Amino acid sequence: MALFGSSTRAVPPTSALPAHVAIIMDGNGRWAQKRFLPRVAGHKAGLDAVRAVVRGCAERGIGHLTLFAFSSENWRRPADEVGFLTRLFLSTLDREVDRLHKNSVRFRAIGATEAFGADIHQRLLDAQTLTAGNTGLTLTVAANYGGRWDILQAVEKARLAGHTGTLDEATLAAHLSMADAPEPDLFVRTGGEARISNFLLWQLAYTELYFTDTLWPDFDDAALTEALASYARRERRFGRTSEQLNGAD
Ligand code: IPE
Ligand code: IPE
Ligand code: MG
């Protein structure tokens, strides 16, 4: 099925595909600086990579894609960059939500998004309502999100739901922001840094990590193919031995 227009790419076997890919889209500023452009030009250019990855995941039949768009720490950036990112977020929602809906994408947002103001918060709610019944790719955008915040809000929600005493893993996990999604199988970080930067701390416990020097605006379908190929070569043992997994033990 050719979503978002036509495509000639060969689709890998489903068994080797992650059900959930989570991406830290990093390197926009450096992409721009390399071209003697202002950092914000990199954020704008990064939108093309977002479109390519959404389309690439949808076409491959990947169930969930989670994109880190703005961390709870990114407020520490210069006010004009934060302002630009906020405006870009708003205009992107206005421009892209209908197209996502037409392509059966279920849109979700996680994070304390009220902090972006009433306009963005309302558009996020509207986009979620509009696309709630879609059965294609679930696209989750993490904005004003932090992994520590997520764990704390889950504890608080569990407490408000009446849980007293010792909290177990399943109860806490049921109150995390993406409780209805499988934990990510593949984590991708572009831009060359090998860190998690307060992204999905709880959910990444057994995720396969993939780091690439490619800067986010350069992350195209070939780069996604490479990340997926790396994932397909991994042996996920979840604490067991290789022999156990291969039936020899
Ligand atoms: C990621 O790119 C985008 C956001 C954090 C919003 P950066 O802006 O962090 O780009 P670099 O890492 O400075 O190159
Ligand atoms: C992580 O990138 C957050 C997003 C991509 C949204 P940063 O560029 O903010 O991460 P650090 O500060 O280098 O760890
Ligand atoms: Mg960065």
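In the predicted model, the residues around ligand 2 (those with a heavy atom within 4 Å of the ligand) are Ile24, Met25, Asp26, Phe68, Ala69, Phe70, Ser71, Asn74, Arg77, Arg189, Arg195 and Ser197. By class, this shell holds 5 nonpolar, 3 polar and 4 charged residues. Strand β2 (residues 64–71) supplies its largest share, 4 residues; strands are DSSP runs of E of at least two residues, and helices are runs of H or I of at least four.

Taken alone, ligand 2 exposes 390 Å², of which the protein buries 78% (Shrake-Rupley method, 1.4 Å probe).

Ligand 1 is surrounded by Met25, Asp26, Gly27, Asn28, Gly29, Arg30, Arg39, His43, Ala69, Asn74, Arg77 and Leu85. Helix α1 (28–34) contributes the most to this shell, with 3 residues, and α2 (39–60) supplies at least two. An oxygen atom of ligand 1 lies 2.8 Å from a polar side-chain atom of Asp26, and a backbone N or O atom of Gly29 lies 2.9 Å from an oxygen atom of the ligand. The side chain of Arg39 places an N or O atom 2.8 Å from an oxygen atom of ligand 1. Of the 380 Å² that ligand 1 exposes when taken alone, the protein buries 87%.

Residues are numbered from 1 along each chain as its sequence is written, and chains are lettered from A and ligands numbered from 1 in the order in which they are written. Local features need pLDDT of at least 70, side-chain atom pairs count only at pLDDT 80 or more, and totals for chains, interfaces and linings use all residues, while side-chain values use heavy atoms, with hydrogens and water left out.

Technical notes
Nonpolar A, V, L, I, M, F, W, Y, C, P; charged D, E, K, R; others polar. Polar contact = N/O pair within 3.5 Å; in protein donor to acceptor, adjacent residues only side chain to side chain.
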